[in-house]
Amino acid sequence: MSCWSGLPDADSYSNANATSDCYADSGCSSPLVAGHRMATPFAPENSLSALRAAILLGVDIVETDVRSPSDGVVVLIHGSTIDRTLEGSGEVGLLTLAELQAIAMSAEGKPAGDFGCDRVPTLEEAMAVAAGKVVVELEVKESEAGVQAAQELSAAGLLGTAFFL
């Protein structure tokens, strides 16, 4: 079952030509639209649903946050704890990726919809959805996660599709 069944297909939508042309061209005067924590008003923050919503809305750049759980996989989550964004509690750095992804994301205050499939995404999962559709701004919340994210993007040949803050 897909969390996005019955909704427009973000995977077939592409805003990449307009985005990458202006993003890479210092002479471009068109405004770029950025989505904070992807598209937080429309889906759980930093979720793949929020990323897909940002793509469907035609956002040029999505901002997200990178952290590392205890097993070192780069994930997208804002806080050092999961208390506000997931249906649980604890410190991101003390949990494994499997433990994080076993906990549902909080949809409190979001529009009606089924976000039950959403889990904390890895950087790899998010970049697969974003590829060719939107530029990704990665806000580094901890140095180790930033270094690991840069290594992952470099190894995948994706450094030009994201930037770091």
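**Reading salt bridges, a helix, cores and a cavity**

Q: Which side chain does Arg84 meet in a salt bridge?

A: The idea is to look for a side-chain nitrogen of Lys or Arg within 4 Å of a carboxyl oxygen of Asp or Glu. In this predicted model, Arg84 pairs with Glu45, with 2.9 Å from N to O. Arg84 sits in the loop between strand S3 (75-76) and helix H3 (97-101), and Glu45 in the loop between strand S1 (34-35) and H2, so the pair ties together parts that are 39 residues apart in sequence.

Q: How many salt bridges does the count come to?

A: The total is 4. Let's look at another one, between Lys141 and Asp65, at 3.8 Å from N to O. This pair links distant parts of the chain, 76 residues apart: Lys141 is in the loop between strand S4 (135-140) and helix H5 (143-155), while Asp65 is in strand S2. The two partners are worth checking for burial: Asp65 is buried at 0% relative accessible area, and Lys141 is partly exposed at 27%.

Q: Which residues are linked with Asp65 in a network of salt bridges?

A: Glu139 and Lys141 are joined with Asp65 in that network.

Q: Which side chain does Glu142 meet in a salt bridge?

A: Its partner is Arg67, at 3.4 Å from N to O. Glu142 belongs to the loop between S4 and H5 and Arg67 to strand S2, 75 residues apart. Arg67 counts as buried at 10% relative accessibility, whereas Glu142, at 27%, is partly exposed.

Q: Which residues of the largest nonpolar core touch the most other members?

A: In soluble globular proteins, nonpolar side chains tend to be buried together. This core has 27 residues, and Leu51, Val62, Leu123, Val136 and Leu138 touch the most other members. At least two residues of this core come from each of H2, S2, H4, S4 and H5. H2 gives the most, with 6 residues. Zoom in on Val62: beyond its neighbours within four places in sequence, its contacts include Leu51, Ala54, Val134 and Val136. There is also a second, separate core of 11 residues, including Val92, Leu100, Ile103 and Val120.

Q: How many cavities of 30 Å³ or more does a search of the whole structure find?

A: Rolling a probe the size of a water molecule over the atoms shows where empty space is left. In this case the search finds 1 such cavity. About 40 Å³ of space lies in the largest cavity. Its lining has 5 nonpolar, 3 polar and 1 charged residues. Glu45, from the pair with Arg84, is one of the lining residues. Val120, a member of the second core, is also in the lining, as are Leu76, His78 and Met105.

Methods. Residues numbered from 1 in each chain as written. Predicted model: local features only at pLDDT ≥ 70, side-chain atom pairs only at ≥ 80, totals over all residues. Heavy atoms only, no water. 1 Å grid on protein atoms, 1.4 Å probe; cavity = no way out; pocket = protein on both sides within 12 Å on 5 of 7 lines; lining within 4 Å. Points joined across faces, edges and corners; volume = space filled by probe spheres on them. Nonpolar A, V, L, I, M, F, W, Y, C, P; charged D, E, K, R; others polar. Helix = DSSP H or I, 4+ residues; strand = E, 2+ residues; numbered from the N terminus. Buried < 20%, exposed > 50% of the residue type's maximum accessible area, 1.4 Å probe, protein only. Core = buried A, V, L, I, M, F, W, Y, C linked by side-chain atoms within 4.5 Å. Contact = heavy atoms within 4.5 Å.
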